[in-house]
Each structure stands twice: as C-alpha cells, then as structure tokens.
Amino acid sequence: MKGISLFFSFSLFVIVSCIREEAESASQAKNDDIYIVYMGAAASSNGGTRNDQMQLVSSLIKRNKNTVVHSYKNGFSGFAARLSEAEAQSIAQRPGVVSVFPDPVLQLHTTRSWDFLKYQTVDETNSSPSSGSDSSPNGADTIIGILDTGIWPESKSFNDKGMGPIPARWKGTCMDGHDFGASKCNKKIVGARFYEEFDGRGTKMAGSARDENGHGTHVASTAAGSPVAGASYYGLAAGTAKGGSPGSRIAVYRVCTSNGCRGSAIMKAFDDAIADGVDVLSLSLGSSPGFEELSKNPIAIGAFHAVEKGIVVVCSAGNSGPDPKTVVNTAPWILTVAATTIDRDFETDIILGGNKLVKGGGINFGNMTKSAVYPLIQGYSAKLNKRITEEEARGCVPDSLDKNKVKGKIVVCENLQNDGFSPSDRLLEVKSRGGVGFILIDDDLRTVAPKFESFPAAAVSRKDGTEIISYIKSTRKSKFLKSPTLDNGKPNRHANPTKRPRNPVASILPTVSTTKYKPAPVVPYFSSRGPAGNTPNLLKPDITAPGVTILAAWPGNKQPMFNILSGTSMSCPHVSGIAATVKAQNPTWGPSTIKSAIMTTAIQTNNLKAPITTNFGSKATPYDIGAGEASTSGPLKPGLVYATDVADYLHFLCSVGYDISKIKLISSTVPKDFSCPKHSSSELVSNMNYPSIAISGLKKYKTKKVTRTVTNVGEEASVYIAIVEAPTGLRVQVIPSKLEFTNKNKKLSYEVSFRASSTTKEDMFGSITWTNGKYKVRSPFVVSNSG
C-alpha cells in the first residue's frame, strides 16, 4: 500500500511538473516574439551550417526546445526564433551577425492577357525578328518557384499531359500535409512545401501546401499554367487559358496564410528554393511603402542570395498607387513589376430613358429588362434625415439613405474620396434599403471591373456619371417634356410625351466581355509608383505587364474553375513566365542579363499607336511603367544586354551604409580587391551597370556623367548608333555615339553626360536607344534636381 502511495505521489509530481513546464513554455512563447537573425552567406554550397550559427542555436534550444522556428543554411545563414527584446539586442552584437529584426508580416498584392501581349509585340515596330512567333520554347523544363498561398493541384491548369521527365537537377520535395499528399505533385507541379503556422500558445497547427485562398493558384497558372480550352468566369472572357511559360514546371512554397505572409517563412522558402534548383522565383507580395530598410527586408535579403546563385527573382511593385514613392521590392537585384490593363473590357450597359446608352463597367449577372423602366435617383435625393450630410447621401455611405425613397429604384452613388467606405459598403446600403440597382461613379473602379455578382450594378467614369446626373436633372424640370396643348388650347403637334418619360428611368444590363478595347494598355490607379523612396538614383519599377481583370485558375471542383483578379500580383507572374521562357532559350544567361533583355525590349506605345497613358489620361512616365510593357518575344533576341555583376550590387550595399566587414559576411563572392569608396554616395548607384539610368541632384548648368557597358548577344559583326530622346532644358550626350562589335570585341562601354540648362521642379524623363537597324535596345532615364 505504501508502495502504491509512493508511486501515485511520484506520478502526480511528474504530471504536475510536465503541466508546469508546458505552461511555462506556452507563457514564454506568448511573451516572446519571433525575430529573424540574419548571418549572411552560407557556410558552403552543400547546405552545411556555420559553426557560429550552430553555437547560437544550441544555446537557445537548451533554454527552450521550441525556441527556434526556422533555420537557414542553403543559400544563406541564420535562423528565426522566439526571443525577448533583450535577447534579440544581445544576439545582434554577436560576431557573425548581420542583423536581427522582428518577423514582419507582409501582404499579398492582390487568357486574354497573353494574347494581348503578343498582339502588342506584333504591332510594335520590328525590334525583334521573331516578333509574334509562337516558335519559342515556351519555358521548356525551366522551373518557376511560386512563393504564395499554395496551389490547388486538381486544377486543369496544372495537368502534366505531354510533359517529359522532371529535370534531373531538381532536388526539391512534395511535402505531405493536410488534404495534400505527395501524390498530388506531378510533372507540372514538381514540388510543394509549406511552413508551419503557430497558434497563440506557440503550438504548431496542421499545415498544407493546398491553396484555400485562391491567390497562389491564380498566380501559378498565370506564370506556367497548361492550356485549358473553354475557360471562363461564368461565361465571361471565354477562351483558352494558359500561362506565359506553359512548358515550365512549378514549385510551390506556401508562405502565406490567412494571417498574412511571415518574413521568416519567406526567407525559409528562399533558402529551400535555392537548394531545390529553381530557375525563377515569383513573389506577388511585399511590405507596405516605407518598409524598405535593406537589412530588415526578408524579400531583399532572400532575393540577393538567390540572384547570387543564378536565380531570377521577379516581384510585384505593390498596389499603393497612384501616389509617388509607393513602389516596393526595389532592391536592384529584383525585377520589379508594375501593372497595366489589357484590351478586354467587361462592359455593363446602362439604358436611360429615350434609349440613351451609357457604357459602364464591372461584372454583374442581373436580370433587368432591356427597356428603361426602373425609376432612377441620385443618392442625395434619398437622404435619410437632416443629420445626414449631402456628401454622405451622395456617397451612399452606410445608414445614410431612406428606404422609403430607395425602394424599387436604381440609385446613383458617387465614390467621394477619403470617406473610408468601400464600393461593397455603398452597394449594401442601396440593396438593404430596397434598391433594385446600383450605379457607382468612380474613374478608378471603371478600369478594374469590380464584381457585383447577381445584383444589377455598374461602375461608370466621372464623365459618364455627369451625363447620367444631367439626364436625371433634366427630367425633373417639368412634368412634361413637351406640353400636349398650346396656350391657346390647340394641340401641340411637337409634343411627344411617350418619347421620354417625365421621371428619370433606367435599366442595367448583364455584363458582356469585349475585346480590342482602346486605349490599352493603361496604368490603373492602384499600381504603385516610383521613385524608389530609399534609393533615388535607382529607377523603379523596372517593367510593367498585364495586371487588370486577369482570368486564371481558381480553387474548387465547381464553378468558377477560373476567376478574374486585378493587382500587381497578377502582373508579376506574367513577367516570371517571360523570364522562364528567356532562360529556356538562353540557359547560360544570368539573372541580370535576362532582366536587361526584358527591360530593353519593352514597349512604350498603346494600341492606338500613342504613348501609354495612366487612367487619369496623362502620359505614363518611367515612374509608372519603368522601361515599358514587357514583350513576349523581344527578350528572346535583345541584341545587346547590360550585365550587372556582383561588384555593382556590392557598391550598392556600400552606398546604403554597409561597411566592408558586413559585406564580406553577406556575400560569398566578394572580389579579393573589392573595397567601399571612402565617400560612398548615391552616385555609386547611378553608375551601376543597370538597364535604366537615374540621376539626382543635378543643378542648373551642372553636369553629371555615368558609364554603361553593353554586351553583344546578337550577330558578331554589328554597328549600333545611339538615339537620344531628351526633354527641353536637358542636354544629353552619349560618347561614343557609335559602337562597333566584332567577334573579338563583344563588350563595349559608353559614357552619358547630363547637363541642365534650366531649373525645373519636375523630374525629367527621356531615353537612350542603341540600334543597328534590326534591334532596338532602349534604356529610359530620369533626372532630378533634388537629392
């Protein structure tokens, strides 16, 4: 009995101790935040762990076995761990540590598009002998890594019919997870990884590479989806959906969950992807504008090491436009992509009394009659009470409308700036008050085709909105448009009261999709704009591509199997697909060469043969579109390329404040004779061998010079002539103005001098184009007197 009592007491002690240990561990996890400890270059190319990293990790694990969340060792060194602020500060002072920073949460930047790009390329002056050709290798056997919300493997866009064996160089894996077994991978989806999510107690949650959001599936199919005939969104935009590089394989890295995209998971995905053997990495996500400090930016850090290993990294520019200095993912080793429209329009016709037609936009599947019989009012006419301002009622903000005045009517609302309410808030206000239709006046939304589903609704431009309001006001002026009798009592032969009713009426028809819409492309309001706030001497974004109303694959086994989304999230995979295709045809080309090929062959005109514009009607500048809209075939044979080497990137690191000791920690390829100049400045950035040029601080009557080197990848014996386009008040001189290449002389340099002859507060834009009659190699430039 005594033995039983002792055994029971001991067991109780063990249980209580375990509970206390778990509670302490949970409490510790709750109190400590996740920090990323970045330690620079990896120990070697074989995935070994550096000794100083092992010592740090071991000391932390001794304290708590669950402290370390991720360990990085393939492409770079470091780890993510749960630390107190004091521990983080202490580790930051240790030798071998580059930076320690809190784990940031980044956000997603949420078949016709490819056809439009090819049409644009064909329509452009012949800058490439293969323009419009479908003879390109379509990315055969290149591997695109997608860092996103996962993938829906059952989608037809990911079938592997006709694909050959998986390339032997592929070293990745297909992880087993919740509702996603390893068998879900195939010759198209060659790898799938996910990264653990933790609850508030620090406990691991069930993980999976399966996409429950849709964003990752849409992005992956845009980049490399297999052709799928009969794709549509409930019958709209019907046709064949396919990715830009249908021959490419897809490797999925699920780094985003419903809680956002953790920086620590993003860095782990970069680390894995480098070891797995991808050729291109596509990231349709990023930080908010202003969070671009290099040493604390997980995308910039991961991308640097990926590019060092020969991987092209393509990132979205962000959706914070149209304000300046909103572009993100601006590191020079990243290919940064803005967004533009395509020539497809989702047209929603509005029929006014008298059969007047107004072409609106948006997507609705309503069932109103084709005749204008529904009463039409402005929001302010249905104001709830005196406490509601006219502006609130005009905007149809929540709780602003009187149901007795709205019931049975179509309501015209206005998106008044900065009132904080979304289009869905306004629609719900109309619908909940008994309205039968909704017209929103909003230039921005007219461009991006918002979804209204089954409710009859449309978005119209300010111009068309003014026309609708004028119609409403004109029909209220009198009970009859023409009196049926004259003052003397005789019939009025001009009267025709049935031609237009005395009260305003309208009907909103179901949406139809149309093509060959003009002008296109157009820069939408949301696309983030340059200049790069942290590096004025680096022109960003680099390029633009279709990112508005893009049809691509969607999760689920029922309709819709495809969905329509807008954002730089959608433009990014377009360029990733092009990069994979270029890599397939030119396997020895490095990331900067491929970037140069895409940028220097870009298109600057729309389908009206006029310069690309913004949705405000102004001419787009390089701050809006970078070098221009990406071409599908031009980059395959660019003529000349700008190869940005490691020393260029290292000088960039010097210019942003890194000293040589930190740079040697970061890069494993620092030349032996490399050193930072005594007075590092932004001028170093201007002199990087980049495909675009940015100059700041140019004062009146002063001159600044930059040097560039081009490599001939076309015919060996070629002569190129420089053509300069410069604005008034800026003198631009290229020396020499002629470059003669031979079979022995494939690299030549030139100098560009910029001299301001007048003072202006506006930044000045232009371009330098080298041409041999067959190829046109264009570099945009921007010159500012500030900075």
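Okay, one term before we start: a salt bridge here is a side-chain nitrogen of Lys or Arg within 4 Å of a carboxyl oxygen of Asp or Glu. And keep in mind that this is a predicted model.

With that cut-off, lysine 268 and aspartate 272 make a salt bridge, at 3.8 Å from N to O. They're both in helix H6, four residues apart, so about one turn of the helix. What about burial? Lysine 268 has a relative accessible area of 18%, which is buried, and aspartate 272 is buried too, at 7%.

Now, aspartate 272 has another partner. Its side chain also meets that of arginine 193 in a salt bridge, 3.9 Å from N to O. Arginine 193 sits in strand E7, so this pair ties helix H6 to a part that's 79 residues away in sequence. Arginine 193 is buried as well.

Staying with H6, how does it pack against H7? The angle is about 5°, and the axes are 9 Å apart. That makes the two helices roughly parallel. On the H6 side you've got Gly263, Ile266, Met267, Phe270 and Ile274, and among the H7 residues they meet are Pro298, Ile301 and His305. The contact comes out as nine nonpolar residues, three polar and no charged.

Arginine 426 is buried, with 0% relative accessible area, while aspartate 419 is partly exposed at 26%.

Over the whole structure, the search finds 23 salt bridges.

Terms used. Residues numbered from 1 in each chain as written. Predicted model: local features only at pLDDT ≥ 70, side-chain atom pairs only at ≥ 80, totals over all residues. Heavy atoms only, no water. Axes fitted to C-alpha atoms, helices over the stretch in contact; angles between N-to-C directions. Parallel < 35°, antiparallel > 145°, perpendicular 65-115°, else oblique. Contact = heavy atoms within 4.5 Å. Nonpolar A, V, L, I, M, F, W, Y, C, P; charged D, E, K, R; others polar. Buried < 20%, exposed > 50% of the residue type's maximum accessible area, 1.4 Å probe, protein only.
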